[in-house]
Amino acid sequence: MPPDDRRAKAPVPPALRERALLIGRSDATTTAFLQSVAASVVVCTLSAVDEAQLARISPDFVIFPLLADDADALHVLARLVACGYTGRALITASGLPNGRMVRRELQSAARGIEVHLIEAGSF
């Protein structure tokens with residue numbers, strides 16, 4: 001019996017339609033994650049993030065590394081809070097001995113922001 005070719009193609013999962021704002025440069029973990037969930041990615045530097053930029057881009061989530069050359073995640077979260085951002089912040093990291101503790105510390109600094117820690121190999 002031949003395979004049933006009448007099956008409808010599966011719709012694109014909602015996550016694949018999301019718009020991401022990448023702050024800083026992408027590392028391997030960030031790139032792999034974005035390829036798996038984002039339909040579009042806007043890249044900017046931390047110094048370019050302000051209320052107008054966030055309103056213009058209207059990201060479904062913001063993604064950035066835990067540690068970068070010019071800023072760490074606490075600096076980025078402070079800027080997002082100052083700009084009134086209240087969406088999701090996805091922070092990429094690798095090799096953390098206690099990711100839950102790191103996420104709790106980041107969440108405590110991110111009033112009104114939903115913080116997620118994305119560790120290499122966790123998606």
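What pattern does the protein chain follow when read along the sequence? The protein chain follows the pattern β-α-β-α-β-α-β-α-β, and the legends below take up parts of it in turn. This is a predicted model, in which local features need pLDDT of at least 70 and side-chain atom pairs count only at pLDDT 80 or more, whereas totals for chains, interfaces and linings use all residues. Residues are numbered from 1 along each chain as its sequence is written, and side-chain values use heavy atoms, with hydrogens and water left out.

**View 1. The protein chain as a whole.** The secondary structure comes to four helices and five strands, where helices (H or I, at least four residues) and strands (E, at least two) are DSSP runs numbered from the N terminus. Of the 123 residues in the protein chain, 37% are buried; buried means under 20% relative accessible area, exposed over 50%, and partly exposed in between, with a 1.4 Å probe and protein chains only. Among contacts (heavy atoms within 4.5 Å) between residues at least 6 apart in sequence, 66% join residues at least 24 apart. The accessible surface comes to about 7,600 Å², with 54% of it belonging to carbon and sulfur atoms, as computed by the Shrake-Rupley method with a 1.4 Å probe, for which, in the case of residues, only the protein chains shown count as cover.

View 2. In helix 1, which spans residues 28-37, the buried residues are Thr29, Thr30, Phe33, Leu34 and Val37. These residues lie on the same side of helix 1 because they cover an arc of only 125° around the axis, the arc being that of the directions from the helix axis to the C-beta atoms. Their cover includes strand 1 (18-23), strand 2 (38-44), strand 3 (61-65), strand 4 (88-93) and strand 5 (114-119). The face turned away from the buried side of helix 1 carries the exposed residues Ala28 and Gln35.

**View 3. Gln53 in helix 2.** Gln53 has its place in helix 2, residues 51-57. With a relative accessible area of 15%, Gln53 is buried, and, leaving aside its neighbours within four places in sequence, Gln53 is in contact with Cys44 and Ala48.

View 4. The buried residues of helix 3 are Ala73, Val76, Leu77, Leu80 and Val81. They cover an arc of only 135° around the axis, and therefore lie on the same side of helix 3. What covers them includes strand 1, helix 2, strand 3, strand 4, helix 4 and strand 5. Val76, found in this helix of residues 73-82, counts as buried at 5% relative accessibility and touches Ile23, Leu46 and Phe64, not counting residues up to four places away in sequence. The C-alpha atoms of Val76 and Leu66, which are 10 residues apart along the chain, are separated by 9.3 Å. Ala82 also lies in helix 3, but at 60% relative accessibility Ala82 counts as exposed; Ala82 and Asp50, 32 residues apart in sequence, are 8.5 Å apart in space, C-alpha to C-alpha.

**View 5. Helix 4 and its two sides.** Within helix 4 (residues 99-108), the buried residues are Gly99, Val102 and Leu106. They share the same side of helix 4, because they cover an arc of only 60° around the axis. Helix 3, strand 4 and strand 5 are included in what covers them, while Arg100, Arg104 and Ser108 are exposed on the other side of helix 4.

View 6. On a 1 Å grid over the protein atoms alone, a cavity is a set of points where a 1.4 Å probe fits but cannot get out, and a pocket is an open set with protein on both sides within 12 Å along at least five of seven lines; lining residues have an atom within 4 Å of a point. Grid points are joined across faces, edges and corners, and a volume is the space filled by probe spheres set on the points. The structure holds one cavity of 30 Å³ or more, and the largest cavity has a volume of about 60 Å³. Residues lining the largest cavity include Ile23, Leu46, Phe64 and Val76, and the lining divides into seven nonpolar, one polar and one charged. Here Ala, Val, Leu, Ile, Met, Phe, Trp, Tyr, Cys and Pro count as nonpolar, Asp, Glu, Lys and Arg as charged, and the others, Gly among them, as polar. The largest pocket, with a volume of about 150 Å³, is lined by Gly24, Arg25, Ser26, Asp27, Pro65, Leu67, Ala68, Asp69 and Asp70. By class, the lining of this pocket has three nonpolar, two polar and four charged residues.
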